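Morning, everyone. I have a structure to walk you through. Let me put it on the screen.

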Amino acid sequence: MPESPINRHSRVSSRVNNIPFSGIRRFFDLIASSDDIISLGVGEPDFITPWNIREAAIYSIERGHTHYTSNNGSLDLRREISKHLKNRTGNLYDPTTEILVTVGVSEGLDLAVRALTEIGDEVMVPEPSFVAYGPIVHMAGGSVIGISTSMENKFIPTITDLENNVTDKTRAILINNPNNPTGAVINREGLSKIAEFVIDNDLIVIADEIYDRLIYGNKDSFVHFASLPGMFERTVTLNGFSKSYAMTGWRIGYATGPEEIIAGMTKLHQYTMMSAPTVAQYAAKEALVNGENSLNEMLDAYSMRRRLLVNGLNNIGLDCVDPDGAFYAFPSIKSTGLSSESFAEKLLMEEQVAVVPGNVFGPSGEGFIRCCYAASVEDIKEAILRIGRFVERETNSS
Amino acid sequence: MEEILRILEKNGRIDASQISELTGLKEEEIRELITKAEKDNIILSYKAQIDWGKLGDGPVLAIIEVKIAPQRDVGFDAIAMRIARFPEVKSMHLVSGDYDLSAQVEGKNMYDISNFVTNTLSTIDAVQGTSTRFVLKRYKEDGTLIGGDDMAEGRLPVSL
């Protein structure tokens, strides 16, 4: 075999080698080795996709809709998305040029970052944040500027922190609203300040709004970032069906934004994905047309479980900001003196409750854990009992 | 009130303290609302839904279409209530279409039901005709699937 001109230590590229495995990978092994686990560690609904949506997908297969759709997704679905967004946000997205159907928000995120950033560009990401943001920016040749948030500020980034961290190389800001893992929702006032900052620094916004339908209390507290004055032309919004309609396994989402950006993303999408799964597109259309009742039923259930979990955590001494959206609570575990990882690991070993250590979502997540309340009422109650027992032992021993 | 009723509709055994945990309402307030709903016949009853088939031969169920003659002043109501009061009748509705009442009738066996139809139901004056359809298999009752619930299998214990 001829000698390689480059001395390669690994067959895998250094760019990929430099990405760490997702922080909770070793948890899977731990969990696999224990029984009777109650998991608050999930990031998806416990509901099964509503039957009418599943049935629409089955019907599409029966009818033989098994071919590619147009690269951007079926026009039928894009029209429904456009109508849906018009009703909800007031923004009118042209179904032919301003909407791209993606394989979940994960793909949309990858496309957006790659379409928008040059090598060496910086992307601001308020953290704690979803774990994929960093690696995706890294793979696109950019770097992430993490903006710390704190419990005191309800995990909402301050403008001072944004201003102190912006540089000439900053190209975009990635906003996940409502936020995974904290459940924080930035209100209109907060978003307007960010919008001003965006204009002042000539940035682009990637708005990950996958949890937009999971809002508790005042439903109007969620604002579609691109609906703010001047933001349409600067924002690409990522959304999907996974969380609202319990469709995580279908892998279907969409990106909306100005024609130029969507066209750029479509170029990447057509060479990597061709098109999102056709059967999932039929299911998604049914979700938009006839999914509202199911969504509201699930929302009612989440709302009750949220109260149960948040009150429960506060009662056992784990302080918790009221999460206004998504289905996560993000309590502080600082009173125990444990790090997030040892808390999660010990809790799993001693009480068989799985939670996600907050530090996997960024340095500001240290001292917190993420607990998901997309779990049954019985499981949440039992989990709180067990966590309470654990916290008491830890607090007494330290 | 509606929130409490929706919870009770799904689980009649849940108590006020559990409802309080879910809704954030005070236990005392919940108890009062429930008592009032019971008094006002908004809550009609609490009972268990049982799959008798699991214990061997379950009861026989028939859906009986009944054509009746309406009566002056009371329309269908008087005769309908007269039929509905028989314990064999598990549920009954006035319906639109070719006939008037749709009654679900339960018996130990086919003979029980035919006995009820021929000797009791058909002999009521206002009853002009009946048509009996025996239930062959139950799939779903009162919103509950029988013998085929969806299971959320395969959800990963941890995902981000």
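Confidence comes up before anything else. Chain B has a mean pLDDT of 91, and 96% of its residues reach 70 or more. pLDDT is the predictor's confidence in each residue, from 0 to 100. Where pLDDT is low, the predicted coordinates should not be read in detail. The model as a whole scores ipTM 0.75 and pTM 0.89.

Now the ground rules. This is a predicted model: local features need pLDDT of at least 70, side-chain atom pairs count only at pLDDT 80 or more, and totals for chains, interfaces and linings use all residues. Residues are numbered from 1 along each chain as its sequence is written, while chains are lettered from A and ligands numbered from 1 in the order in which they are written.

Let's take chain B. What is the strand order in its open sheet of four strands? The order is β2-β3-β1-β4, with antiparallel pairing. Strands here are DSSP runs of E, at least two residues; helices are runs of H or I, at least four; both are numbered from the N terminus. Two strands pair if DSSP finds at least two bridges between them. At the edges of the chain B sheet stand β2 (89-94) and β4 (127-134); each has a single partner strand, so one side of each is left without a neighbour in the sheet. Neighbouring strands of this sheet are turned by 20° against each other on average, direction ignored.

Look at one pair. β1 (residues 60-68) of chain B runs antiparallel to β4(B), and seven bridges join them. B:K67 has its bridge partner in β4(B), namely B:G129.

Two helices go with the sheet. Helix α4 (residues 77-84) of chain B packs on it, touching β1, β2 and β3 (101-107) of chain B, and its direction makes about 165° with that of β2(B). Helix α5 (residues 110-121) of chain B lies across β1, β3 and β4 of chain B, at about 15° to β1(B). For these angles, axes are lines fitted to C-alpha atoms, for helices over the stretch in contact, and angles run from 0 to 180 degrees between N-to-C directions. Contact means that the C-beta atoms of two residues, placed from the backbone, lie within 7 Å.

On to chain A. The domain assignment gives domain 1 (14-49 + 293-397) and domain 2 (64-291). Such bounds come from an automatic or database domain assignment. The domain centres, taken over C-alpha atoms, are 25 Å apart. In the contact, 36 residues of domain 1 of chain A meet 38 residues of domain 2 of chain A. Which element gives the largest share of the domain 1 side? That is α11(A), with seven residues. By class, this side has 19 nonpolar, twelve polar and five charged residues. Ala, Val, Leu, Ile, Met, Phe, Trp, Tyr, Cys and Pro count as nonpolar, Asp, Glu, Lys and Arg as charged, and the others, Gly among them, as polar.

Next, where the chains meet. Chain A gives 20 residues to the contact and chain B gives twelve. On the chain A side, α2 (25-32) and α11 of chain A are the elements that give two or more residues. That side divides into 13 nonpolar, four polar and three charged residues.

One last stop: A:N164, in helix α7 (residues 159-165) of chain A. Is A:N164 buried or exposed? A:N164 counts as exposed, because it has 9 C-beta neighbours inside 10 Å. The cut-offs, counting other C-beta atoms within 10 Å and placing them from the backbone, are 20 or more for buried, 12 or fewer for exposed, and partly exposed in between.
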